[in-house]
Amino acid sequence: MDFRFEIVWRYAPLLARGMLLTVWMSAVSIVIGLILGLAVGFGKMSHRPYFSWPMNGYIHFFRGTPLYVQILIVHFGLVPLVLGRTDAVVAAITALSLNSAAYTAEIYRAGIQSIDRGQREAALSLGLTPWQTMRHVILPQAVKRMIPAFGNEFIVLIKDSSLVALIAAPEIMYWSNAMRGQYMRVWEPYLTAALLYLVLTYVLNKLLVYVERRL
Amino acid sequence: MVPWTAGQTAMVELNGVCKTFGKSMVLSGITLRVMPREVVVLIGPSGSGKSTLLRCMNALETPEQGEVYIDGVVLTGNGEKATGRAAVASPGAALHRMRAEIGMVFQQFNLFPHMSVIENIMLAPVRVRGLTREQARRKGVALLGKVGLEDKSHALPSSLSGGQMQRVAIARALAMEPKLMLFDEPTSALDPEMVGEVLNVMNELAEEGMTMVVVTHEIGFAREVGDRIVFMEQGRIVEEGTPAQLLEAPREERTRSFLSKVL
């Protein structure tokens, strides 16, 4: 196998832009997923069936169907329905966020439910409201336990974002595919793409370890 | 000893309280009054419903039937005596206000592990009573002195012994200046050598005139500190009386048989 570095070098500016878009789409999707997931998670934990049933259905749908299919539905269905036309980056962020929210919802739920029942009872017995109990007693303990699971989810999201090359969002995989098409070569585009993802997940992992230690 | 004054409002009044978990009846029609400044000790075999009864007194459990009154105000139930309709808890805000007046100490301490000792004590006075952090801190330090832990203010709960944790839990409850203290087997999770330090604090509290309801297996404590002992079995009150009556001359065979096992 010969490896022609000059091809990679020629594509470097495009790959750099692709990498920026991957980082940007992933970051936005992580944030939206975290916020949406919190709502979905609390909805699922609700004792009121008109909250818990739809949220349960949401989680089942997004965890039980391929992200590939979800991206196509959002790109060709949902986004045109709302915007009147489609947009690859908007569709990509929407699909990744909706998908991620289903997973983070379960992480929130598992984290909160892992806190001993006595903590809640002690806080309530002191006269704290359920909201104050959640805010000052349960969440600070639960978030700490959620961080490793969130870390996994973020890393999966960065890697899964490669699927949006399918709808021509110009991120890392999109440019790698273009490179293969132009030069009819396999090793250069795909090994480079793999390396770029590895750099992203490695950096994120280091960041999470740092955050976990700080808390 | 507390005289049973007619016309005085009971600190706790339970009227025909029934509670089921699934199909098993845990409390079958409990009626009990605790007067201000009185110390009532609940004893009985495990599964007799004494902890559940205690938890009904601050609405951690909601009875299906019957009413619970705290200082004359309905906590759970529909507020009209002897109607037998399904009980409901006080609406949100009222419930939290009432719970703020009722201290509870748990078997497993339930200190907040992510907060230092002083923060554990300050949380509710700041968040519920609206004290400034400085006021709450002063109060917390004073209470730590009272339970003999003034030097542990900045320690984390995980660095304390069981007996120390339970004394912090008592201080935390007292910081709300409750008019009633509930103790749910406060010494059952402790190593034997630490039971005394917790009972001493409770003893002091009783001498200061705190109204207390205590679920315990410490018959010695019941005898010395209790004004009244209530013996429960299978969700019913079998017998109640002063420690002298109930421990020395129980009327019921079931009480005698229980006491013979624990004394």
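In chain B, among contacts (heavy atoms within 4.5 Å) between residues at least 6 apart in sequence, 64% join residues at least 24 apart. This is a predicted model, in which local features need pLDDT of at least 70 and side-chain atom pairs count only at pLDDT 80 or more, while totals for chains, interfaces and linings use all residues. Residues are numbered from 1 along each chain as its sequence is written, chains are lettered from A and ligands numbered from 1 in the order in which they are written, and side-chain values use heavy atoms, with hydrogens and water left out.

Let us stay with chain B for a moment. Its secondary structure comes to nine helices and ten strands; these are DSSP runs numbered from the N terminus, with helices (H or I) of at least four residues and strands (E) of at least two. Along the principal axes, the C-alpha atoms of chain B fill a box of roughly 50 × 45 × 40 Å. Of the 263 residues in chain B, 56% are buried, meaning under 20% relative accessible area with a 1.4 Å probe, protein chains only.

Now turn to where the two chains meet. Here 22 residues of chain B are in contact with 19 residues of chain A. The area buried between them is about 1700 Å², that is, the accessible area (1.4 Å probe) that two parts lose on being put together, summed over both. Carbon and sulfur atoms give 63% of that area. Seven residue pairs, both at pLDDT 80 or more, are in polar contact between chain B and chain A. Such a contact is a pair of N or O atoms within 3.5 Å; within protein, one must be able to donate a hydrogen and the other to accept it, and residues adjacent in sequence count only if both atoms are side-chain atoms. On the chain B side, helix H2 (92-100), strand E6 (102-105), helix H3 (117-127) and helix H5 (162-174) each supply at least two of the residues that touch chain A.

The rule also finds one salt bridge across this interface, a side-chain nitrogen of Lys or Arg within 4 Å of a carboxyl oxygen of Asp or Glu. B:Arg55 forms a salt bridge with A:Glu121, their closest N and O atoms being 2.7 Å apart. You will find B:Arg55 in helix H1 (residues 50-56) of chain B. B:Arg55 counts as buried because its relative accessibility is 9%. Leaving out residues up to four places away in sequence, B:Arg55 touches A:Arg117, A:Glu121, B:Leu60, B:Glu61, B:Met104 and B:Asp184.

Terms used. Buried means under 20% relative accessible area, exposed over 50%, partly exposed in between (1.4 Å probe, protein chains only).
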